[in-house]
Amino acid sequence: MPITRLHTKARITAFGSFVPERRLTNNDLAAMVDTNDEWIVTRTGMKERRIVDPGVYASDLAVKAANDLAERHGVDLRPVDAVLVATSTPDAFFPNTAALVQARLGMHDALALDISNACAGFVSGLQLGIGLIEAGMHQRVLVIGTEVLSQTVDYTDRSTCILFGDGAGAMLLEADDRRDSFMASLSATTGDTEAVLYRRATADRIGDVELREDGKLVQNGRVLYKWALQQIPIGVGNILSQLQLHADAVDWFIPHSANLRMIEAISERSGIPMERTLTSVTYYGNTSAASIPLAISLALAAGKLKPGDTTLLYGFGGGFSQAALLLRWPELQ
């Protein structure tokens, strides 16, 4: 797994998030498919998820998260010179969702780029933003993870419809020669040629697997679960080993909130107790690229995440992709 120690001038300067008001509870799902609250909680740890109303899209949630960032921290977004949007549920293939967000936020001439890396997308966006700043190509990079997964779910399929929700989170990176945020980075992809987790676009097959025609999300949860339990603890250990740190040095572990039972097993195998693991899964479900920023939002609201805390963000999922960043949580204005 490629791991890089970071000494970068990129720093986190602002954060924001947004979730729709509409709640989809386990009891609501029990009225739609053969399930119940106990069955869902036992297997996933999920109690409810937020879902958008008809006519609301990923760009809408992204703009609301960015506006929340601006209001929280008194930031003028117009000087932002790059906006990176991580999403698996774009408004359209093109124009990209980032271009729609850029236009609505008044960031004229800023780079606008979508990142398609499923549940690792938000951390991949941060990694790309760090690179753009470190290379001197951009000074202010807005990274957003936004999803409307409820629009891709088959609500007759009990195995998937209980899992997914909608939401968005945003983080602003700026160049700062005096203070940095990031300590180490990991990026890796195994390559999924068996369509373990997919949503069809133009191809009718991946490898020998014929793809579902209606564009709904499809996953083999057992294969994903096994892969994550094998690979993520290895990645965590490799990052810490690279910096000669023990798991006790991590104040907060923030993995992708795929499934609470999966996270519990990953945390145990990584040597990081659940008391130091932050998730958004219980009340927001699996929100893919938005799950890590939503976990950060909940932790900030609860007063858990504090300046100087050593924090490990770890995105993983579709494509068998991984993206992780070890950082010191900054003091935000």
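**Salt bridges in close-up**

**View 1. Arg140 and Glu174 form a salt bridge in this predicted model.** The closest N and O atoms of Arg140 and Glu174 are 3.4 Å apart. Arg140 belongs to strand 7 (residues 140–148) and Glu174 to strand 8, so the contact ties together parts that are 34 residues apart in sequence. Both ends are partly exposed: Arg140 has a relative accessible area of 34%, and Glu174 has a relative accessibility of 21%. The value for Glu174 is 21%, and the class is partly exposed because buried requires under 20%.

**View 2. Asp176 pairs with Arg11 in a salt bridge.** Here the closest N and O atoms are 2.8 Å apart. Asp176 sits in the loop between strand 8 (166–175) and strand 9 (182–189), while Arg11 is in strand 2 (residues 10–18), so the pair ties together parts that are 165 residues apart in sequence. Asp176 counts as buried, at 8% relative accessibility. Arg11 also counts as buried, with a relative accessibility of 11%.

**View 3. The side chains of Arg212 and Asp154 meet in a salt bridge.** The N to O distance is 2.7 Å. Arg212 is found in the loop between strand 12 (209–210) and strand 13 (218–219), and Asp154 in the loop between strand 7 and helix 6 (158–161). The pair links distant parts of the chain, 58 residues apart.

**View 4. Arg11, Asp176 and Arg178 belong to one salt-bridge network.** The three residues are joined by salt bridges that share partners. One of the contacts is the pair Asp176 and Arg11, with closest N and O atoms 2.8 Å apart. Side chains of opposite charge can pair when their charged atoms come close. Across the whole structure, a search finds 13 salt bridges.

**View 5. Residues 113–186 carry a domain annotation from UniProt.** The record, an unreviewed entry, places the feature "domain: Beta-ketoacyl-[acyl-carrier-protein] synthase III N-terminal" at this span. In the model, the span 113–186 is 24% helix and 36% strand. The C-alpha atoms at the ends of the span lie 21 Å apart.

Technical notes
Residues numbered from 1 in each chain as written. Predicted model: local features only at pLDDT ≥ 70, side-chain atom pairs only at ≥ 80, totals over all residues. Heavy atoms only, no water. Salt bridge = Lys/Arg side-chain N within 4 Å of Asp/Glu carboxyl O. Helix = DSSP H or I, 4+ residues; strand = E, 2+ residues; numbered from the N terminus. Buried < 20%, exposed > 50% of the residue type's maximum accessible area, 1.4 Å probe, protein only. UniProt positions renumbered as here; feature names shortened; annotations may be inferred.
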